[in-house]
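Biologist: I'm new to reading models like this one. Could you put it up and walk me through it, feature by feature?

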Amino acid sequence: MRLAILGASGHGKVVADAACLSGWDEVAFFDDAWPAVAKNGPWEVVGRSADLLAQATGFDGVVVAIGNNRIRMARQQELVDAGLNMVSVVHPSAVISRHAVVGAGSVVFANSVVNACASVGAGCIVNTGAIVEHDCVVGDFSHLSPNVVLAGGVSVGQQVWVGAGASVKQLVIIGDEVTVGIGSVVLRDVPAGKTVVGVPARPVNIQD
Ligand SMILES: CC(=O)SCCNC(=O)CCNC(=O)[C@H](O)C(C)(C)COP(=O)(O)OP(=O)(O)OC[C@H]1O[C@@H](n2cnc3c(N)ncnc32)[C@H](O)[C@@H]1OP(=O)(O)O
């Protein structure tokens with residue numbers, strides 16, 4: 001079984017590691033920085049994204065390893081439109097309830113938990129040690145950074161980034177394209193597009 005990973009990033013290394021530990025025999029990276037970037041850790045980078053599209057039949061599955069939610073969504077959509085087989089990669093130490101759902105192109109890293117009746121959308125990152133409690137809904141192309149805790153019944157929109165170690169109180173609703181700062185504690189609903197930081201989390205204006 002051969003897996004293609006688009007994005008020779010640090011995040012990509014963790015995806016590759018999880019893939020190798022979960023039964024993929026071979027992993028090859030594709031990145032538009034090839035051939036200047038020919039290795040990603042111990043793994044070979046073998047071509048650009050156009051090469052991946054040309055060689056698609058040589059792979060049993062593909063996953064996008066790009067941390068930026070918006071870019072990951074765009075790249076996954078291109079691959080889906082081209083008919084490639086998007087797969088999810090789940091580290092063997094992750095615990096996913098048999099009554100939970102994880103969408104195509106999502107990655108679930110070491111020691112994370114997706115509990116009963118939770119739903120994680122397409123193209124998501126459930127990073128190392130993150131906990132998605134029962135009945136949570138995580139929208140497409142969102143990223144739960146390491147050690148995030150979503151308490152029961154939390155709703156996270158699409159393309160949301162929850163920073164490392166942040167916690168979200170049960171039943172809170174987080175809108176699309178929200179950013180939650182590292183270490184924050186979210187006690188109230190967050191409207192779409194906002195950045196919230198701190199304990200308790202409050203909106204902050206971010207300069208572009
Ligand atoms: C495997 C991995 O590495 S996965 C990635 C894990 N990484 C993370 O979790 C990082 C998440 N990112 C953050 O928390 C960032 O601080 C962001 C996105 C919220 C804001 O980043 P920036 O846009 O660069 O904003 P900036 O650093 O200028 O902060 C703006 C203000 O908010 C404050 N602030 C930013 N983040 C936080 C935070 N987590 N808690 C409290 N205050 C914060 C800053 O001190 C600053 O305040 P000031 O204007 O009074 O000086």
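Biologist: Let's start with contacts: which residues does Ser106 touch, leaving aside its neighbours within four places in sequence?

Modeller: Contact here means heavy atoms within 4.5 Å. With neighbours within four places in sequence left aside, Ser106 is in contact with Val87, Ser88, Val89, Val120, Gly121, Ala122, Gly123 and Cys124. Before we go on, this is a predicted model, so local features need pLDDT of at least 70 and side-chain atom pairs count only at pLDDT 80 or more, while totals for chains, interfaces and linings use all residues. Residues are numbered from 1 along each chain as its sequence is written, and side-chain values use heavy atoms, with hydrogens and water left out.

Biologist: Where does Ser106 lie?

Modeller: Helices (H or I, at least four residues) and strands (E, at least two) are DSSP runs, numbered from the N terminus. Ser106 lies in the loop between β8 (101-102) and β9 (107-108).

Biologist: Does Ser106 count as buried or exposed?

Modeller: Buried means under 20% relative accessible area, exposed means over 50%, and partly exposed is in between, with a 1.4 Å probe and protein chains only. Ser106 has 0% relative accessibility, so it counts as buried.

Biologist: What does the side chain of Ser106 reach?

Modeller: For that you need polar contacts: pairs of N or O atoms within 3.5 Å, where within protein one must be able to donate a hydrogen and the other to accept it, and residues adjacent in sequence count only if both atoms are side-chain atoms. The Ser106 side chain reaches the backbone nitrogen of Cys124 at 2.8 Å.

Biologist: Now Ser145. Which side chain does it join in a polar contact?

Modeller: That of Trp161, at 3.0 Å. A polar atom of the Ser145 side chain also lies 2.8 Å from the backbone oxygen of Val162. Ser145 sits in the loop between β15 (143-144) and β16 (149-150), and it is buried because its relative accessible area is 5%.

Biologist: Where does UniProt place the feature "active site"?

Modeller: Treat such labels with some care: UniProt positions are given in the numbering used here, feature names are shortened, and annotations may be inferred rather than shown by experiment. The unreviewed UniProt entry places "active site" at His134. His134 is in the loop between β13 (131-132) and β14 (137-138). With a relative accessible area of 38%, His134 is partly exposed. Not counting residues up to four places away in sequence, it touches Asn115, Ala116, Gly152 and Gly153.

Biologist: And which residue carries the feature "binding site"?

Modeller: The unreviewed UniProt entry puts that one at His143. You'll find His143 in strand β15, and at 11% relative accessibility it counts as buried. Beyond its neighbours within four places in sequence, its contacts include Arg72, Asn127 and Trp161.

Biologist: What is phi of Phe141?

Modeller: Near 60°, a positive value in a residue other than glycine. Phe141 is in the loop between β14 and β15, and at 7% relative accessibility it counts as buried.
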